[in-house]
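Trainee: I would like to learn how to read ring contacts and helix packing. Could you take me through them slowly?

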There are 2 protein chains.
Amino acid sequence: MQMETVTLEKEFLDYVKKMSAYEEALSVIYWDLRTGAPKNGVDQRSQVIGVLSSEVFSMSVSEQMAEYIDKIAEDRHASELARKTAMECKKVYERNKKIPADEYREYVILQSKAESIWEEAKNKSDFEMFRPYLEKLVQTTKRFIGYWGYSGNKYNTLLDMYEPGVTVEVLDKVFGQLRKQIVPLVKQIADSADKPKTDFLFKHFPKEKQRAFSEEILRQMGYNFDAGRLDETVHPFAIGINPGDVRVTTKYDEKDFRTAVFGTIHEGGHALYEQNISPRLVGTPLCTGTSMGIHESQSLFYENFVGRNYSFWKKNYLLLQEYTDGQFAHVELEDYYRAINESKPSLIRIEADELTYPLHVMVRYEIEKGLFNDEIEVEDLPGIWNEKYEQYLGVIPENDAQGVLQDVHWSGGSFGYFPSYALGYMYAAQFKQAMLKDLPNFELLLEEGNLKPIQEWLTAKVHVHGKMKMPLEILNDVTGEGLNADHLAQYLNEKYREVYRLSN
Amino acid sequence: MQMETVTLEKEFLDYVKKMSAYEEALSVIYWDLRTGAPKNGVDQRSQVIGVLSSEVFSMSVSEQMAEYIDKIAEDRHASELARKTAMECKKVYERNKKIPADEYREYVILQSKAESIWEEAKNKSDFEMFRPYLEKLVQTTKRFIGYWGYSGNKYNTLLDMYEPGVTVEVLDKVFGQLRKQIVPLVKQIADSADKPKTDFLFKHFPKEKQRAFSEEILRQMGYNFDAGRLDETVHPFAIGINPGDVRVTTKYDEKDFRTAVFGTIHEGGHALYEQNISPRLVGTPLCTGTSMGIHESQSLFYENFVGRNYSFWKKNYLLLQEYTDGQFAHVELEDYYRAINESKPSLIRIEADELTYPLHVMVRYEIEKGLFNDEIEVEDLPGIWNEKYEQYLGVIPENDAQGVLQDVHWSGGSFGYFPSYALGYMYAAQFKQAMLKDLPNFELLLEEGNLKPIQEWLTAKVHVHGKMKMPLEILNDVTGEGLNADHLAQYLNEKYREVYRLSN
């Protein structure tokens, strides 16, 4: 019996290792496509992606896989690694297997068409052009929810794909709490008399110098260049190909260095997660971040709690000045700090500041929830979008390109993804509270540019586990509580009252 | 019957398309590893390479493959593409299938060990350290020849892997003819009174400028940057990932621009071949150069017949001067031309000039031929190597690192590869002769920097066919004759008598 388990377990782990190998090849190809692969080769490369993805898909729903899952996922003699791997495979198996093959094929074609139509529609700011595709995507996803089943709320099934354990019930509560605190703060800031000056941020800062400074900051964060590299792309990202090869890309705007610097810190936070996953998880589907939200918590922790912190710039502001040609020569650190923390309601999510960002996410959350509970129709989206922007942010899009068409997610059928962005903020704020107990000298570490203990803490508590722990399990183990919006609300309140010099 | 063929043919072509997809993924990974993949990820990447390669190997020797080969290779109802693909698969099938699996596994391990030992042995210039591994490699390869069989000469079986159709009989003849002409010429040059000055070549030439000039020349050659890119590596190479994605790498020596410029032209010649293979061959094993020798003929054609030609520099020397900072301001074109064609017997093959290069290859050819016909023992190699260098080139290595240990090929078991380098020269000279009939204005085209007609000629005659034609088939179709050393001998004689101003 014991012997049988051992043999089967080894066979199973070899099986998933092969799947992981195909996925690693796909990751290299994906990175390559985004960092200068010649355009004439792309069609053929797509074929290669198709072949490798189909292979992974077939292996994920094979009878062999069904047998492994059946025998290993609940076998208490099996190792924890094998069991959790089998459970992860089971999730994928059920998601993939429950959709009839022809419907799935149709859906994949629809996705790819919708994405290219969306791009055109966005360029023309023409929602009507995109509408029929979005309607089909919503309709198909509803049918899929029928196949998959749901508990409590239909939208929960979608949330579960990105943030297992987080439900509409939870989100309604925490988003409500957060909104109640942010919305009045945003208004107070809009009315404040003492706004930061920002003109000095937008001087010419050569790309090569920005690159060198970004590398310096990545190194300070603990990013290992023997296990990664920094490249340039239009849309920055981080990718974990394996824990020894986690790459970061960034974008350089010579008239606004913040794009590269805060972008690199953000992606660097994602990268630290992937670089520090336990090597024993390599070759299994557990060798990645546990959820979108926890991943985002790591990037946002570094971007906001480290990178937009006053202490962090005490030393690094001098370093920044070494890389610039007098741009900040006559700017006090205090003014610089206020400038990089400017908050202003805006229309575009990806350009939003730390304070207003969660409101952008909530708009999308409420719309998605409404769509999948038959309370909102696709045709009404532009109007609803604009109303919500006015209500939460006090701004109204002039057209749909600046409004409902701005994000790519829906065109790819990624419903349920957006909440992770705001969850990441909350997780990060909760982690910060917990970290302070172990590292009460947090501010001093930042001042000294000694970020190693911070990375080590996050590695021990979050990174190393990969997908061996569920997101809420990590949150609970680290903080002793569940999702709680208060920490983020308190942090934002304190920080922005200070930055905008508001009376209490 | 007809219908059956069509169905089976489609199935077969889908089967090889899948194999090609894996190979394309491997090519992307290979390129990535050589252009800055982080070192900590390499071990895991090797596993991925292992998985993908094994898959390709299994597919190449499967029963399914045997059936396809059996039914299609000789079926006159099948399309030419399917038949030739099946014949190519048959070659690989027989090569792979005849070796017992456990012996092949052992051999792969031996190869990888031998390569790392060779590297150390070369660094220490210690042949004795490498000897036992080389002995085992030779011994194993002899046993494999036993499995594969041979006709005429045992070494023919090895030659056939790189240059199908070329035998010891052919090589003995053409190499003999060539040697008879080159050796006395090399001596005359050594004794010549009017040697070119070269000191002006070695001024500081910044990397970025070299890169820009190299790109300019690649563009002039007809290299399509929408189907390729130029990167930097320690060991330059060209790689055809698919015809729409053929990449070139080069190396920049700021004290000797020739490394980058002639290296780029050389690799660019390889790249033009791969960029211009017929799109209908994509997804089959025929979508690559037909042999090592024909491939080398393309790189050498551009490097020598174009790049080291006086006419080519008439305009490009002015261009070069725009990229340099006065380096050539007081150097006449004539003197520059003579300098880049300096010929001097040397010890290291990859640093050899156009005239002496074939002699380096012949030394290796004779040694390999002796080894596999039991006329030479591995333990005697250093002595034999040094004798032959003295005899052919008049130079004697001071140590084995400069001698018998200099090349990586043998450590990887690549016996039979070296002759292709010299064959490439001969093919190129023969192509040049044939080209002159269609393009009698060859020199004028070079003068005008109008290289397009030259590329188009080579594309129509060579590139487009991929592996649809065998090397000697191409040679015969293009030139109307078989392998002939006279054209190369005549070219070298005329050129070097002129460069060294020798009396006739």
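Trainee: Over which ring does the charged end of A:Arg247 sit?

Mentor: Before I answer, note that this is a predicted model, in which local features need pLDDT of at least 70 and side-chain atom pairs count only at pLDDT 80 or more, while totals for chains, interfaces and linings use all residues. Residues are numbered from 1 along each chain as its sequence is written, chains are lettered from A and ligands numbered from 1 in the order in which they are written, and side-chain values use heavy atoms, with hydrogens and water left out. A charge is said to sit over a ring if NZ of Lys or CZ of Arg is within 6 Å of the ring centre and within 35 degrees of the ring normal. Here the charged end of A:Arg247 sits over the ring of A:Trp31, 4.3 Å from its centre, and in chain B the charged end of B:Arg308 sits over the ring of B:Phe262, 4.1 Å from its centre.

Trainee: How many aromatic pairs does a search of the whole structure find?

Mentor: Rings of Phe, Tyr and Trp (its six-membered ring) pair if their centres lie within 6.5 Å, and planes under 30 degrees apart count as stacked, over 60 as edge-to-face and the rest as tilted. The search finds 78 such pairs over all chains. In one of them, the ring centres of A:Trp313 and A:Tyr336 are 5.0 Å apart and the planes stand at 70°, so this pair is edge-to-face.

Trainee: Are A:Trp313 and A:Tyr336 buried or exposed?

Mentor: Buried means under 20% relative accessible area, exposed over 50%, and partly exposed in between (1.4 Å probe, protein chains only). A:Trp313 has 0% relative accessibility and counts as buried, and A:Tyr336, with a relative accessible area of 0%, is buried. Ring pairs also link A:Trp313 and A:Tyr336 into a cluster whose members include A:Phe312, A:Tyr317 and A:Phe328.

Trainee: At what angle do helix α11 and helix α18 of chain B pack?

Mentor: Helices are DSSP runs (H or I, at least four residues), numbered from the N terminus. Axes are lines fitted to C-alpha atoms, for helices over the stretch in contact, and angles run from 0 to 180 degrees between N-to-C directions. Helix α11 (residues 292–306) and helix α18 (residues 452–461) of chain B pack at about 165°, with their axes 12 Å apart. Angles over 145 degrees count as roughly antiparallel, and α11(B) and α18(B) are therefore roughly antiparallel to each other.

Technical notes
Helix = DSSP H or I, 4+ residues; strand = E, 2+ residues; numbered from the N terminus. Parallel < 35°, antiparallel > 145°, perpendicular 65-115°, else oblique.
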